[in-house]
Amino acid sequence: MFKLAAIDDLLTNLGDHVDFATIAKKEADLGVQHFEYNVDAGSTTYFGENGYLVERLSNGLGTPVAKELDPAQVKSLGTDYIAGKLSLAEAVKDLAAAGCEAWTANLKRNIIDFAGPEGKIIVAIEF
């Protein structure tokens with residue numbers, strides 16, 4: 001099963017501005033099936049087979065989320081992040097300002113769900 005160190009190495013080697021499909025393929029090769037990112041905490045939970053999970057409590061990018069939600073901006077920013085136009089740090093900062101609280105990337109279905117208050121999905125974007 002995958003370890004956090006292997007994910008960190010992979011992300012470091014890929015760099016900041018890489019398309020999400022490339023990231024997803026490499027993480028899936030490690031055994032990651034999906035992951036959840038919490039914008040406010042900067043935490044990520046990676047899920048594998050049979051309930052296996054690995055947690056990163058914080059990546060140091062945690063950002064307070066705006067109270068006002070801007071779905072059009074979340075969609076635009078999510079699209080740019082998936083295309084590799086935004087680094088993770090840029091995406092977190094900008095998505096927080098647009099009211100996005102979390103996102104879940106399903107590496108099997110090739111889709112990211114961006115969520116707002118109470119986990120309500122704002123937009124789902126394929127990669």
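User: Where is I111 found in this predicted model, and is I111 buried or exposed?
Analyst: In the predicted model, I111 is found in strand β5. Its relative accessibility is 11%. A residue counts as buried under 20%, so I111 is buried.

User: Which residues is I111 in contact with, leaving aside its neighbours within four places in sequence?
Analyst: With those neighbours left aside, one set of contacts is T104, A105 and N106, among others. β4 covers residues 102-106, and β6 covers residues 121-126.

User: How many Å separate the C-alpha atoms of I111 and L11?
Analyst: I111 and L11 are 100 residues apart along the chain. L11 belongs to α1, while I111 is in strand β5. The separation of their C-alpha atoms is 19 Å.

User: Is T45 buried or exposed?
Analyst: T45 has its place in strand β2. Its relative accessible area is 15%. The cut-off for buried is under 20%, so T45 is buried.

User: Which residues is T45 in contact with, leaving aside its neighbours within four places in sequence?
Analyst: β1 spans 34-38 and β3 spans 53-56, and the contacts of T45 include H34 and L53.

User: Are α1 and α2 roughly parallel or antiparallel to each other?
Analyst: The axes of helix α1 (residues 4-14) and helix α2 (residues 20-30) come within 11 Å. They cross at roughly 155°. An angle over 145 degrees counts as roughly antiparallel, so α1 and α2 are roughly antiparallel.

User: Which residues of α1 and α2 meet, and how do they divide into nonpolar, polar and charged?
Analyst: From α1 the residues are A6, I7, L10, L11 and L14, and from α2 they are T22, I23, K26, E27 and L30. The contact of α1 with α2 divides into 7 nonpolar, 1 polar and 2 charged.

User: Why do the buried residues of α2 line one face of the helix?
Analyst: The buried residues of α2 are F20, I23, A24 and E27. An α-helix has 3.6 residues a turn, so residues three or four places apart point the same way. Seen down the axis of α2, the buried residues line one face because they fall within an arc of 95°.

User: What covers the buried residues of α2, and which exposed residues are on the face turned away?
Analyst: The cover of the buried residues includes α1, β1, β2, α3, β4 and β5. The face of α2 turned away from its buried side carries the exposed residues K25 and D29.

User: Which residue with a positive phi follows α2, and which one follows α4?
Analyst: After α2 comes a residue with phi near 110°, namely G31. After α4 comes a residue with phi near 95°, namely G99.

User: On which side or sides of α4 do its buried residues lie?
Analyst: In helix α4 (residues 88-97), the buried residues are A91, V92, L95 and A96. They cover an arc of only 120° around the axis, so they lie on the same side of α4.

User: What do the buried residues of α4 pack against?
Analyst: The face turned away from the buried side of α4 carries the exposed residues K93 and A97. The buried residues pack against β1, α3, β4 and β5.

User: Which residues make the contact of α3 and α4?
Analyst: The axes of α3 and α4 come within 10 Å and cross at roughly 175°. That angle makes α3 roughly antiparallel to α4. The contact divides into 6 nonpolar, 1 polar and 1 charged. Its residues are V74, L77, G78 and Y81 of α3 with L88, A91, D94 and L95 of α4.

User: What is the phi of N50, and what is the phi of E118?
Analyst: Most residues other than glycine have a negative phi. N50 is in the loop between β2 and β3 and is exposed, with a relative accessible area of 79%. E118 is in the loop between β5 and β6 and is exposed at 83% relative accessibility. Both have a positive phi: near 55° for N50 and about 60° for E118.

Key
Residues are numbered from 1 along each chain as its sequence is written. This is a predicted model: local features need pLDDT of at least 70, side-chain atom pairs count only at pLDDT 80 or more; totals for chains, interfaces and linings use all residues. Side-chain values use heavy atoms; hydrogens and water are left out. Axes are lines fitted to C-alpha atoms, for helices over the stretch in contact, and angles run from 0 to 180 degrees between N-to-C directions. Helices (H or I, at least four residues) and strands (E, at least two) are DSSP runs, numbered from the N terminus. Angles under 35 degrees count as roughly parallel, over 145 as roughly antiparallel, 65 to 115 as roughly perpendicular and the rest as oblique. Contact means heavy atoms within 4.5 Å. Ala, Val, Leu, Ile, Met, Phe, Trp, Tyr, Cys and Pro count as nonpolar, Asp, Glu, Lys and Arg as charged, and the others, Gly among them, as polar. Buried means under 20% relative accessible area, exposed over 50%, partly exposed in between (1.4 Å probe, protein chains only). The arc is that of the directions from the helix axis to the C-beta atoms.
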